[in-house]
Amino acid sequence: MRLVIYRLEGRAIWTVFNEKALAGLGRDLPATGRLSPEGVETAIVALRRFRAALSGWNRDDIFAVATAAVREASDGSAFLARVEAETGLRLRVISGSEEARYAALGVVAGQPDAAGVVGDLGGSSLELVHLNTAAPRDGITLPLGPFALGAPRPLEVDKVRKIIDQRIDGAGLAFRSPEFHAVGGAWRNLALLHMEMADYPLRVAHQYEMHRSDAVDVARFVARQSKNSLERMQGLSKKRFDTLPYSALVLDALIERLGIERIVISAYGLREGLLLEAMPPEEAARDPLIEGCEALTTVRGLSADLGAALHRWLQPAFSQLNPVFGARDPTLIAAACRLADLGARLHPDHRGELAFEQVLRAPIAGMNHPERAFLASAAFARHSSAPSTPDPQTVAKVLSSERRQRARALGSAIRLGCDLSGRNASLLPHSTLAIDGERLVLSAQDGWGDMLLGEQTAKRAQALAQALRLKLQIS
């Protein structure tokens, strides 16, 4: 049972409150066909608290849904009636195909260009659904949640693996794909454990990627651990010790059966899918990375339109450079420009470091880990002329030297634009930044040179030219 309260700023989704209670409603389903009596009591207590926390909220702003356990239990209807009588919440029971579809929409909410197959693992079921450029399609639900496989009993690996394979074979094989987007807390825990084992420096689960061999290694390792062994591991949720080996075994089987080569962890799922569907179409179509960066800084600076103006100003020059992220370069440049005022209310002696940390770990969707490190490095260079970022070892593990250099150049260009204009968006169109061969050319319109191209501007322009390895010309 989980209550999540969101703040929506256009396409940007911010989590402002998140509380969960592990009820295990479906724990008894395989044996009795009914909800766990203890789980029901835990759920009712949690839902009463959740409803109290939502006192005064508009009913239209509350999305209350129930999934596999309630959907499949013979006493599911009685549970729904009790919930409404005791809490006033009317739960909407969604079908397996709907659950799959919303999970996939959630992945799209967090990564608009996601492709392949989404797998959402809950306590009682696994939903699989295809992704394509138009909409999620052809979702199915399979009884592969830990409780459907026998949790919380100790896992008998060989026996349960045969059951998993049998349940995947058939309809599940229609979801063969090299790319798999993993949704669900259990798989996020596996990713966090893999980060620990691999000494991975950026502990952000969303968009964390594992190659086939790495995911198989960690899944098989966890599947064969006892509860006591799991309890000694750092970073794992204590409430998942009984179910995590089952979840790991399901992932191992999916990788083998579906031919998966790359696993991408998504912190977004069903709930964010519900939000995305409820957005006006014009908002849902916007880029979450650009919108998130805009929202992160819009109340901090002096000019609400500075980010967009900086983007228009420096894009002609940066579009002449060889891309370092392929087709993603324009989006990343646009996002970095929206972060220009992130340090406006931070101490001037520490703006670079603080802006770097905020961006590196910001809960903004639409970027993978290298892109996150790139934007953080650009945000640092926007505020600091130091030759290296904070935590350089982390950045070096995630970003190539070419991308680190480009981030420094992008931050330097944003700093130049901010200082040249006094962070006044209306002044930027009176100057031009361009690349001509091996020269960086900064020029001003007639009559504007003495107001825009002073000593400070020259200093910032020289720093940019050095970052781009070009000669500077100011005219």
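Arg406 and Asp329 pair up in a salt bridge, with their closest N and O atoms 3.9 Å apart. (A salt bridge here is a side-chain nitrogen of Lys or Arg within 4 Å of a carboxyl oxygen of Asp or Glu.) The two partners sit in distant parts of the chain, 77 residues apart: Arg406 is in helix α20 (residues 401-421) and Asp329 is in helix α16. Helices are DSSP runs of H or I with at least four residues, strands are E runs of at least two, and both are numbered from the N terminus. Arg406 is buried at 14% relative accessible area, and Asp329 is buried too, at 12%. For these labels, buried means under 20% relative accessible area, exposed means over 50%, and partly exposed is in between (1.4 Å probe, protein chains only).

A word on the model: it is predicted, so local features need pLDDT of at least 70 and side-chain atom pairs count only at pLDDT 80 or more, while totals for chains, interfaces and linings use all residues. Residues are numbered from 1 along each chain as its sequence is written, and side-chain values use heavy atoms, with hydrogens and water left out.

## Other charged pairs

The structure holds 31 salt bridges. Side chains of opposite charge can pair when their charged atoms come close. One of the pairs joins Arg338 and Glu294 at 3.2 Å, N to O. Arg338 is buried at 14%, whereas Glu294 is partly exposed at 24%.

Arg7 has a salt bridge with Glu9, at 3.3 Å between the closest N and O atoms. Arg7 is partly exposed at 49%, and so is Glu9 at 25%. There is also a network of salt bridges that links Arg161, Asp165, Asp169, Arg220, Asp252, Glu256 and Arg257.

Six residues of domain 1 are in contact (heavy atoms within 4.5 Å) with eight residues of domain 3.

Together the two domains bury about 520 Å², with 69% of that on carbon and sulfur atoms. Buried area is the accessible area (1.4 Å probe) that two parts lose on being put together, summed over both. On the domain 1 side, Glu9, Arg11 and Trp14 supply 80% of the area buried against domain 3, more than any other three residues. Strand β2 (residues 12-20) gives the most to the domain 1 side, with three residues.

## Loops to look at

Ser125 lies in the loop between β5 (116-121) and β6 (126-131), and at 2% relative accessibility Ser125 is buried. Beyond four places away in sequence, Ser125 touches several residues, including Ala68, Arg71 and Glu99.

The peptide bond from Ala151 to Pro152 is cis, with omega near 10°. Pro152 is in the loop between α6 (146-149) and α7 (157-168). Asp199, in the loop between α8 (185-198) and β9 (209-211), has a positive phi near 55° and is exposed at 51%.
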